[in-house]
Amino acid sequence: MRKTRLDAAFQAAVAAIDAGDVDALERLLAAHPELARERLTAPGSWLRDQIGGALEDFFKAPYLLWFVAEDPKRNGTLPRNIAEIAGAIIRSAHARSVDSLQQQLDYALSLVCWSGVASDAGVQIALIDVLLDAGASPIGASDNALVNGHFAAAKHLVKKGAPLTLSTALCLGRLDEVPALMKVTSQRDLQTAFVLAALNGQADALQCMIDLGTDVNRSSQDLYNHATPLHHAVCSGSLESVRVLVDAGARLDVRDSAEQATPLGWAEYYAGENANDVRGAQFAQIADFLRMKQT
């Protein structure tokens, strides 16, 4: 029965978040202080029908604060005052000295950094600021933003004090700092940085790392490890990045472990998926280039 009551309270609070209704949310937080403290371990169909598998994966047993990110996507939009909404939840947790607040803040920041909805809605930076000002750790946040190509967010995070990582330096074009950062970066993180640069189509960054001895064919252990850097460069839509890797010896015949497709197969797939916009032409050019290199 207690879990049922908590689920009902969460459903009402999430509805207030989605509506941007600060007053309703604050009333719910006052009436149900557990909303700022407890995780939703038994969500009802109102949530399971929306996000399914995410509840068994990266959004398992969510805190209420995590819903401000809209990642996983439920509605595809966020209210303009979502930062104020987040602030209301944080204030409630502070007022009750919630032990888990640091964990809530840190993971909420990760979700916001990943969130394409927050970026497209123009609220990502405001949410980042609310979470950082409340004490969220910025460590790794800029890399999280760059996983989904959120360059403005990554740049803002560094400005706000996030450590400059190798991945972030590569993707933000701060290549003069790359040699020094490579010396203090593990081999595992170095390869992740290389893949992230490929995923974001950063041709100059890839060439910089290749010149410094990076293996062009090694996958990252931590970032989309089902495919090679060349696959991810194809995904970026950057012909120049693909060319840099191929010219450096990237293999054309390796198949990803998810779909068993070569980089050319990826290019052909994306060309078809984007046939009606400009990216379709970009992927078609990449496919033509790869076919030429295979002959």
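1. Pro 72 sits in the loop that runs between helix H3 (45-51) and helix H4 (82-95). In this predicted model, the peptide bond leading from Asp 71 into Pro 72 is cis, with omega near 15°. The geometry deserves mention because most peptide bonds are trans, just as most residues other than glycine have a negative phi.

2. Tyr 224 is a non-glycine residue with a positive phi, near 50°. Its place is the loop between helix H13 (203-211) and helix H14 (229-236). Tyr 224 has a relative accessibility of 36% and therefore counts as partly exposed, the class that lies between the 20% and 50% limits.

3. Gln 260 likewise is a residue other than glycine with a positive phi, here near 60°. The loop between helix H15 (239-247) and helix H16 (263-273) holds Gln 260. With a relative accessible area of 47%, Gln 260 is partly exposed.

4. Ser 236 belongs to helix H14. Is Ser 236 buried or exposed? Ser 236 counts as buried because its relative accessibility is 15%, and the limit for that class is under 20%.

5. The side chain of Ser 236 reaches the backbone oxygen of Ala 233 at 2.6 Å. When neighbours within four places in sequence are set aside, Ser 236 is in contact with Ala 198, Leu 199, Asn 200, Gly 201 and Arg 279.

Key
Residues numbered from 1 in each chain as written. Predicted model: local features only at pLDDT ≥ 70, side-chain atom pairs only at ≥ 80, totals over all residues. Heavy atoms only, no water. Helix = DSSP H or I, 4+ residues; strand = E, 2+ residues; numbered from the N terminus. Buried < 20%, exposed > 50% of the residue type's maximum accessible area, 1.4 Å probe, protein only. Polar contact = N/O pair within 3.5 Å; in protein donor to acceptor, adjacent residues only side chain to side chain. Contact = heavy atoms within 4.5 Å.
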